[in-house]
Amino acid sequence: MFQHVEFYAGDPILGLMDKYKADERSQKVNLGVGVYYDEEGRLPVLECVKTVETQLANPPKPRPYLPMDGLPGYRAACQRLLFGSDHIAVKEKRIASTATLGGSGALCVGANFIHRWFPKARVFVSDPTWGNHIGIFEGAGFEVGKYPYYNPAIIGVRFDEMCAFLQELRENDVVLLHPCCHNPTGVDLSREQWDQVLNIIKEKKLIPFMDIAYQGFGDDMDSDAYAIRRAADLGLSLFVSNSFSKNLSLYGERVGGLSVVCPSDEEARRVQGQLQFTIRRIYSSPPSHGGYVVDGVMNDEALFTQWVGEVYVMRDRIRDMRQKLQDALSEKLPERDFSYFTKQRGMFSFTGLTPEQAERLQKEFAVYIVSNGRMCVAGLNSKNIDYVAACMAEVLK
């Protein structure tokens with residue numbers, strides 16, 4: 001019956017994690033999957049999360065279905081975090097927001113919505129981007145292309161090429177953008193570059209879709225949202241997918257959100273209804289536990305302040321690992337410039353390693369990075385960084 005079904009080779013990043021788990025060597029390092037680990041190599045449980053989970057469990061409570069678009073406090077928290085509580089679009093109720101199954105679910109719901117209401121639109125993602133961006137939008141029925149972004153020669157952005165490319169797009173084409181901590185390169189646009197890109201988007205009447213999964217891991221909560229808030233300031237209608245997986249360390253709870261900035265509150269109500277309808281046809285309503293945790297942390301002033309502090313501890317540890325890796329590699333290979341490690345931001349670094357060098361790291365040294373050279377810096381710690389630097393230096397010789 002299923003002879004015609006094509007074989008799926010698996011996701012390359014998740015497959016890399018399976019290889020790591022199966023590796024029996026005692027000295028091995030997982031720098032592939034985008035997960036934050038602490039100095040001890042453990043997945044942390046944030047103190048603010050522990051407080052809310054204790055409250056939820058004492059006493060145990062019934063678990064009814066949540067609304068299709070999630071808890072009202074959850075949705076409001078997404079808007080405050082992304083746009084700021086005083087933004088005019090928030091005050092005028094021009095933003096339709098919904099809880100989703102992680103950032104991936106937000107992208108999927110948004111992609112389905114756009115494909116239904118803008119069926120002639122094309123989607124363009126950065127070259128390179130997170131691989132699932134392409135899969136999600138192609139799965140929704142879009143033609144997906146790439147716009148110029150990363151320049152390995154300068155470890156920077158092909159900005160002039162990017163702007164020229166955007167100038168040639170058609171009205172209502174979708175441009176997927178990373179507001180901060182670009183995945184996989186760690187190379188972000190400056191504020192001046194963002195201003196220029198957003199002005200082109202406004203002039204060409206394109207649809208910006210911003211995917212922010214690492215808010216707080218770049219500079220700070222507000223600065224990391226600059227592109228989102230600037231786009232709303234310019235009066236753009238835009239889509240924003242966000243995730244609490246990394247900055248609340250709630251990966252398995254699948255807590256994300258989709259927000260759509262609209263020209264009017266009346267249009268926002270229409271969009272809200274269609275987002276609900278889209279969710280109803282896919283999974284009906286979001287899971288409750290993660291939703292209540294996010295709601296509890298984000299809507300309690302003391303817990304929110306504690307959370308921001310915990311995020312900045314994670315951010316600063318990643319920065320420290322970047323500096324130490326740069327120093328160690330510079331000592332071993334003084335003729336090479338490794339300053340890009342500290343110029344990049346967020347959890348990921350484009351190391352510059354080739355697929356062949358990445359394979360050598362895995363086979364000879366049990367150091368796992370993605371074949372395109374992407375490394376999750378958050379997997380480094382004081383116990384493994386010297387070993388990783390030595391192995392990288394060996395394959396770079």
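Buried means under 20% relative accessible area, exposed over 50%, and partly exposed in between, with a 1.4 Å probe and protein chains only. The model is predicted, so local features need pLDDT of at least 70 and side-chain atom pairs count only at pLDDT 80 or more, while totals for chains, interfaces and linings use all residues. Residues are numbered from 1 along each chain as its sequence is written, and side-chain values use heavy atoms, without hydrogens and water.

**Exercise 1. Classify K93 and C181 as buried or exposed, and give their phi values.**

Step 1. K93 sits in the loop between α4 (88-91) and β2; helices (H or I, at least four residues) and strands (E, at least two) are DSSP runs, numbered from the N terminus.
Step 2. Phi of K93 is near 55 degrees, a positive value in a residue other than glycine.
Step 3. K93 counts as exposed because its relative accessibility is 63%.
Step 4. C181 is in the loop between β7 and α8 and has a positive phi of about 55 degrees, although it is not a glycine.
Step 5. C181 has 2% relative accessibility and therefore counts as buried.

**Exercise 2. Locate the cis peptide bonds N58 to P59 and N183 to P184.**

Step 1. The bond joining N58 and P59 is cis, with omega about -5 degrees; P59 lies in the loop between α2 (47-57) and α3 (72-83).
Step 2. The bond joining N183 and P184 is cis too, with omega about 25 degrees.
Step 3. P184 belongs to the loop between β7 and α8 (191-204), where C181 is also placed.

**Exercise 3. Give the strand order of the open sheet and find its edges.**

Step 1. Two strands pair if DSSP finds at least two bridges between them.
Step 2. The order of the seven strands is β2-β10-β9-β8-β7-β3-β4, with mixed pairing.
Step 3. β2 (95-101) and β4 (144-148) are the edge strands, as each pairs on one side only.
Step 4. Within the sheet, β9 (residues 238-243) and β10 (residues 255-261) run antiparallel and are joined by six bridges; V240 stands opposite S259 in β10.

**Exercise 4. Describe how helices α6 and α7 lie on the sheet.**

Step 1. Contact means heavy atoms within 4.5 Å; axes are lines fitted to C-alpha atoms, for helices over the stretch in contact, and angles run from 0 to 180 degrees between N-to-C directions.
Step 2. Helix α6 (residues 131-139) lies across β3 (123-127), β4, β7 (174-177) and β8 (207-212), at about 145 degrees to β4.
Step 3. Helix α7 (residues 159-167) touches β3, β4 and β7, and its direction makes about 140 degrees with that of β4.
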